[in-house]
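Subject: Structure for you to look at

Hello,

I am passing on a structure that you have not worked with before. Please open it first and then read the notes below it.

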Amino acid sequence: MSFISKIRETLICLKAGRVTLPYPYQPRPAPEKFRGRPIFDASKCIGCAGCANNCPAREILVLDICQEIRILKYLGRRCTYCGRCADVCPENAITMGKDYETATNNIADIQQKLELFMSTCQRCGRCFKEPSPLEQLKLKGYRFDDLANERWIFKSKSYLDNFKVSDDIHIELD
Amino acid sequence: MNEGEIIKYLRNRFGNKIRRTDICRDRRFYINVDSDCLKDVCKVIFRDLDARFITSIGVDERQYNGGFLVAHNFAFDSWKLLCSLQTNVDGDSPSVQSITDIVPASNWAEREFRDLLGIEPVGHIYPKRLVLPDGWPDGVYPLRKDFPYDSVPEGFDENRSFKFDDAPPGCVVVPFGPFHPTLDEPAHFRLYVEGEMVRGCEYRGFMAHRGIEKLGESVLTYNEIPMAAERICGICGCVHNVAYAQAVENAVGIMPPPRSEYIRTVMLELERLHSHLLWVGLACHISGFDTLFMHCFRIREPVMWIAEKISGNRKTYALCLIGGVRWDITEELNQELREVIGKLETSWREVVKAVEKDSNLQKRTRGVGIADKKLVKESALLGPVARAAGVPIDSRRDHPYAAYNRVEFDVVVSDFCDVWGRLIVRMYEVFESIKIIRQCLQKIEPGSIQAIITDEIPVGRFGMSSVEAPRGECHHFVITGENNRPRRWRVRAPTYQNLQGVPTMIKDQQLADMTLALASIDPCFSCTDRLETVDIKTGKVRVYSAKELETLFLWR
Amino acid sequence: MEMMIKILSALTNVVIVLAVAPLIEGIMRKITARIQSRQGPPILQPYYDLMKLLIKEDIESGESPSMQRFSAIMAFASALTVVALLPLGFGYGLSSHTDIILTIYLLTFCGVCTLIAGLAAGSTYSLVGISREMMLMIPLEPILAVALIIAATNSGSFKLDAVLNGSIYNSPGIFPISSIIILVIILASFQAYAQRVPFDISEAETEIMDGPLVEYSGPKLALFKYSRMIRLVIYCALFIGLFVPWGSNLMFPFGFLIFWFKVLLLVLLVTVVAATHARYRIDQAINYFAIMLLVSFFALALASIGL
């Protein structure tokens with residue numbers, strides 16, 4: 001009978017009690033494997049750009065200022081916290097933090113910029129040990145993403161503009 | 001019948017019009033026919049062999065063989081086969097015979113490849129623009145390979161507006177959407193209402209079109225696409241993730257290790273649990289019954305918590321890579337999952353017991369949104385909508401994938417054909433999902449969770465996969481390609497088919513029931529609108545000329 | 001002097017109800033929340049809501065803004081007028097100078113103001129909403145009128161103080177059959193008077209976006225919300241006065257407290273029914289009320305022949 005159903009429905013709440021959590025008046029920490037904001041550790045990073053090439057949202061930019069200095073910038077705009085950068089990093093320099101309250105007025109709070117001193121390896125990409133052929137680095141050479149306008153550029157070159165060595169082949173992959 | 005017998009039957013009837021057939025592993029087969037007999041072969045397959053239509057796909061292959069490829073995918077559910085019927089079409093002015101008079105369900109799929117690729121379906125019953133925005137210039141086809149993914153076409157006319165069909169005589173027009181409290185995503189149903197009865201409806205959708213298929217072909221790589229696929233839908237994300245990974249694995253023959261298959265099954269069933277619980281709550285909310293809405297969400301919350309513990313996020317699990325999964329279920333998580341499931345089962349049993357005999361809720365839902373067996377067959381409706389009409393199709397049983405061939409479960413079917421039937425089907429499917437999860441947790445084998453891939457993925461292979469989403473069958477079709485990305489990736493979400501049946505379901509029903517009937521197919525408009533290009537939003541930034549900026553700004 | 005006291009008591013009525021009606025709504029929301037296993041808003045939340053709405057900018061966004069203002073103010077004013085005239089637990093105040101016809105007129109006028117509100121707004125959804133409201137008002141107002149008339153028949157006078165002191169049970173026959181019948185009918189349709197689920201069809205948020213009130217915001221919406229809360233108190237007071245008046249006539253503190261206690265009990269009943277039901281469709285509701293109306297006419301016939 002419908003009446004009994006209604007009584008049953010009213011009484012469901014007695015067993016369940018009050019389930020409202022007091023967040024945000026009390027903190028609620030995220031569980032252990034939570035994928036929050038990625039944190040880059042500059043001391044471990046070797047500048048291989050494996051994270052940049054495998055980021056689905058193209059949120060990590062790489063720029064070679066000169067032969068020795070490479071800038072890696074994490075823009076927090078479209079990051080989906082998927083964790084591929086952390087998976088793929090050969091030096092475990094990226095950890096997914098536990099931060100989920102990341103609202104801010106100033107995007108610079110979330111962005112991370114690493115300035116890396118590159119030793120004489122000519123950025124061939126060999127220091128990136130890919131887990132499978134599906135994560136191959138396709139851009140080997142000097143990178144020049146547009147940091148000022150925050151754009152990814154699908155090209156790399158075998159020489160830098162101001163260090164043009166010879167009329168070399170222009171490596172344009174993709 | 002098996003694949004060989006079907007092919008022999010077709011060859012007997014059509015002789016050498018059938019150019020090429022391939023029988024692949026996992027009971028899939030591909031037939032390539034001459035374009036002039038495409039319609040006749042479809043007729044034989046659909047009517048005589050009683051197949052179910054899945055989708056139609058257009059592929060731009062002009063740089064490989066000078067033409068386009070049109071594929072119609074069918075499923076033989078009782079024989080557990082998936083088939084793709086293909087034909088090559090001329091590259092300069094591509095046109096193909098339309099099959100909408102035989103298979104009404106192909107209405108939208110053909111309009112889609114007409115809009116996006118320019119392949120003209122000759123004889124289509126309703127060739128109106130479907131996907132592209134109103135101001136898009138004619139003759140520019142976004143999904144063709146020569147159209148870059150981030151360009152804005154010349155001649156975009158911001159003043160051009162949509163021409164609605166005429167209303168039947170004597171009817172008032174009631175607009176439903178694009179902004180409405182019941183709809184989560186924008187969709188526009190233009191209802192023609194006489195008094196309180198709905199006499200007709202025109203649907204205009206594809207407002208949340210994000211260009212995911214084009215991104216998959218031009219920007220993303222094989223292992224990045226699962227993250228994009230997951231975001232096709234807010235609530236059945238895991239399904240698209242798994243379906244894509246399976247399609248590529250099917251295309252090239254990668255076998256994921258058994259442990260990863262069990263984990264995929266567990267996560268898919270967890271997703272089904274929370275989706276069905278959400279839907280039951282939503283149906284009650286729409287009929288004004290907020291108490292049950294709150295209880296459903298309260299019962300559902302532990303599922304989100306355990307998913308967060310396993311995969312790192314409540315909803316977007318980011319589960320699959322090609323060849324395996326990323327997250328493992330440890331012993332403790334196994335234990336915890338069993339407890340969560342146990343508690344869920346007891347709470348849900350109370351709710352089901354209370355709701356089954358509730359005549360107040362039944363009065364609102366009986367006789368509403370009727371979709372009988374005939375409509376299910378013609379419009380190829382899927383999932384709980386079909387099962388509530390008595391048609392027992394379920395891709396987990398008919399086209400087994402992941403670990404479903406190693407667990408036992410029943411397919412819940414009801415005969416009511418209306419919203420009450422769908423409510424019953426979804427409520428009982430929760431119990432079946434719980435049964436499947438328990439069996440998987442028991443049978444899970446130790447081992448690795450990712451296959452080791454040593455070679456590059458070969459080019460030009462075809463792969464199909466059908467996964468049972470909470471809303472119906474979700475179908476992905478992949479052609480592998482160069483540069484570590486697919487050449488073509490087609491997603492057919494279940495709501496795509498179910499929405500085509502909605503105008504018939506709400507005809508001659510009360511206006512007040514319209515929301516309930518629409519919600520009963522569990523619409524996921526984000527799944528439906530995921531095709532083509534032009535991401536004008538600031539996500540894809542590029543430097544525009546002043547004139548382009550002006551056009552953009554005005555259009556927005 | 002007598003007149004002064006009566007006018008003073010009428011004004012006191014108004015003040016009390018203005019202060020207490022949002023509190024009753026807050027209690028309803030809290031109980032609904034507890035039935036739904038959640039914490040719910042604080043009990044004083046409706047006061048905060050009204051205050052927030054009153055300090056907003058008064059935007060004009062409908063077909064005829066002057067009619068919108070008129071309907072908002074009139075809905076509030078007519079509800080308050082009825083409150084001034086009803087007995088609310090301490091003597092009869094001005095109710096000895098009122099009769100039931102005035103009460104029925106004012107209550108219907110309050111309902112008509114909602115209809116005018118929807119018409120003045122002029123959007124498709126508000127028009128659908130007022131058509132539903134009209135269809136519901138057609139059986140509902142007569143049912144209440146029948147109840148008051150039966151009481152009037154049995155007490156011999158149309159004056160409100162004679163009607164609202166339990167005289168409905170004073171029928172000349174042995175057993176007041178008609179009164180019992182009409183009690184059951186009013187109980188069964190009380191949810192519609194209180195404008196709560198399962199009969200809040202005209203304000204169905206999920207179907208037609210709040211019906212007649214869809215174009216209202218700011219102070220006008222505050223007035224409509226307030227008048228809705230006050231109407232709940234009015235109908236509770238009418239019900240208690242007609243059918244369960246015992247105890248309200250005691251000395252000042254006790255009668256007053258007993259009256260408001262009875263109001264709270266009735267509100268509790270309304271809340272529990274509202275929390276556990278789905279909303280009915282308009283045609284189902286009309287069928288239901290048509291039956292109620294027929295039975296109430298039958299009860300009226302019985303009362304007129306003295307049963």
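Predicted model: local features only at pLDDT ≥ 70, side-chain atom pairs only at ≥ 80, totals over all residues.

Chain B splits into domain 1, residues 3–162, and domain 2, residues 212–519. Taken over C-alpha atoms, the centres of domain 1 and domain 2 of chain B are 26 Å apart. Domain 1 of chain B puts 44 residues into the contact, and domain 2 of chain B puts in 38 residues.

Between domain 1 and domain 2 of chain B, about 3400 Å² of area is buried, and carbon and sulfur atoms give 54% of that area.

As for polar interactions, 24 residue pairs are in polar contact across the interface of domain 1 and domain 2 of chain B, counting pairs with both residues at pLDDT 80 or more. The number of salt bridges between domain 1 and domain 2 of chain B is four. Elsewhere in the list of findings is a salt bridge joining the side chains of B:Arg52 and B:Glu473, with 2.8 Å from N to O.

On the side of domain 1 of chain B that touches domain 2 of chain B, at least two residues come from each of β2 (28–33), β3 (52–61), β4 (67–76), β5 (81–90) and α4 (107–117) of chain B. The most come from β3(B), which gives nine residues to that side of domain 1. By type, the residues on this side of domain 1 of chain B are 25 nonpolar, seven polar and 12 charged.

Regards

Notes:
Residues numbered from 1 in each chain as written. Chains lettered and ligands numbered in written order. Heavy atoms only, no water. Domains from an automatic or database assignment. Contact = heavy atoms within 4.5 Å. Buried area = accessible area lost by both parts, 1.4 Å probe. Polar contact = N/O pair within 3.5 Å; in protein donor to acceptor, adjacent residues only side chain to side chain. Helix = DSSP H or I, 4+ residues; strand = E, 2+ residues; numbered from the N terminus. Nonpolar A, V, L, I, M, F, W, Y, C, P; charged D, E, K, R; others polar.
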